[in-house]
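Here is a short report on selected local features of one model. Look at the sequence and the structure first, then read on.

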Amino acid sequence: MTLSQRIPLRGLLTAVVALLLFAAVALVAAPPAGALPPGTPSKATAQSELNALTVRSEESMTGYSRDLFPHWIDQGSNCDTRETVLKRDADSVTVGSDCYPTSGSWYSYYDGATWTQASDLDIDHIVALAEAWRSGAQHWTTSQRQSFANDLSGPQLIAVTDNVNQSKGDQDPSTWQPPRSGARCAYSKWWIHTKYRWALHLQSSEKSALQTMLNTCSY
């Protein structure tokens with residue numbers, strides 16, 4: 001083999017090694033599939049839904065109580081909603097006869113932390129119960145509020161680091177967004193889709209923040 005033949009081969013090997021390293025880094029950085037709630041819309045769908053949402057001032061908190069949103073309810077197989085989400089969002093989970101996880105690994109999408117104890121996680125309502133109340137849920141029946149608080153069919157529930165969820169409280173995206181900037185695209189889609197599915201309204205500052213977050217999405 002001549003020198004001119006060896007040089008391209010060396011370059012090809014370098015490129016292959018670089019691609020393998022890139023793939024390895026991407027694999028390590030990517031959250032497990034179970035870390036994401038179901039029903040994430042595309043950017044185009046979320047944009048259409050955001051445009052369709054009613055913009056108005058928030059309603060009063062008068063009469064609000066978390067007890068008006070009964071949770072966590074039985075989901076069958078001895079599991080309640082919290083335990084169901086913990087199982088769904090875990091990697092390699094095992095559970096006891098009471099359905100509580102005895103082992104597993106959880107990737108917290110909001111901050112990028114990984115936990116191996118279920119007690120380190122909260123189940124976040126993407127649209128908080130108090131925020132839903134201010135956005136129209138106070139006019140629902142208790143049955144409707146229960147369905148909202150235990151919604152497993154859309155992107156409304158996710159397991160995340162407990163103190164990150166507690167820092168969020170009942171704030172909307174105009175005052176709180178996930179600390180990991182890479183999570184904000186999906187978070188805006190989840191928020192928009194939840195409000196759209198449940199016919200909740202939003203305020204102008206909330207819509208502006210959501211639009212800014214959605215603009216960071218590539219698809």
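## Alanine 199

Alanine 199 sits in the loop between helix 7 (184–197) and helix 8 (204–214). Helices (H or I, at least four residues) and strands (E, at least two) are DSSP runs, numbered from the N terminus. Alanine 199 is not a glycine, yet its phi is positive, about 55°. Its relative accessible area is 67%, so alanine 199 is exposed. Exposed means over 50% relative accessible area, buried under 20%, and partly exposed in between (1.4 Å probe, protein chains only).

## About the model

This is a predicted model: local features need pLDDT of at least 70, side-chain atom pairs count only at pLDDT 80 or more, and totals for chains, interfaces and linings use all residues. Residues are numbered from 1 along each chain as its sequence is written, and side-chain values use heavy atoms, with hydrogens and water left out.

Serine 92 belongs to strand 1 (residues 90–95). Its phi is positive, about 55°, although serine 92 is not a glycine. With 60% relative accessibility, serine 92 counts as exposed.

Another backbone feature involves tryptophan 72. A cis peptide bond links histidine 71 to tryptophan 72, with omega about -5°. Tryptophan 72 lies in the loop between helix 2 (43–52) and helix 3 (81–89).

## Strand 4

How many of the 5 residues of strand 4 (residues 121–125) are buried? The count is 5 of the 5, so strand 4 is largely enclosed by the rest of the structure. In a regular strand, side chains alternate between the two faces of the sheet. Both faces of strand 4 are covered. Leu121, Ile123 and His125 are buried on one side, and Asp122 and Asp124 are buried on the other.

Strand 4 pairs with strand 5 (residues 157–161) in the antiparallel sense, over 5 bridges. Two strands pair if DSSP finds at least two bridges between them.

## Aspartate 122

Aspartate 122 is part of strand 4. Its bridge partner in strand 5 is valine 160. Aspartate 122 is buried but has no salt bridge. A salt bridge is a side-chain nitrogen of Lys or Arg within 4 Å of a carboxyl oxygen of Asp or Glu. The nearest side chain of opposite charge is arginine 82, 4.9 Å away. For charge, Lys and Arg count as positive and Asp and Glu as negative; His and the chain ends are not counted.

Leaving out residues up to four places away in sequence, aspartate 122 touches several residues, including Arg82, Ile158, Val160 and Gln166. Contact means heavy atoms within 4.5 Å.
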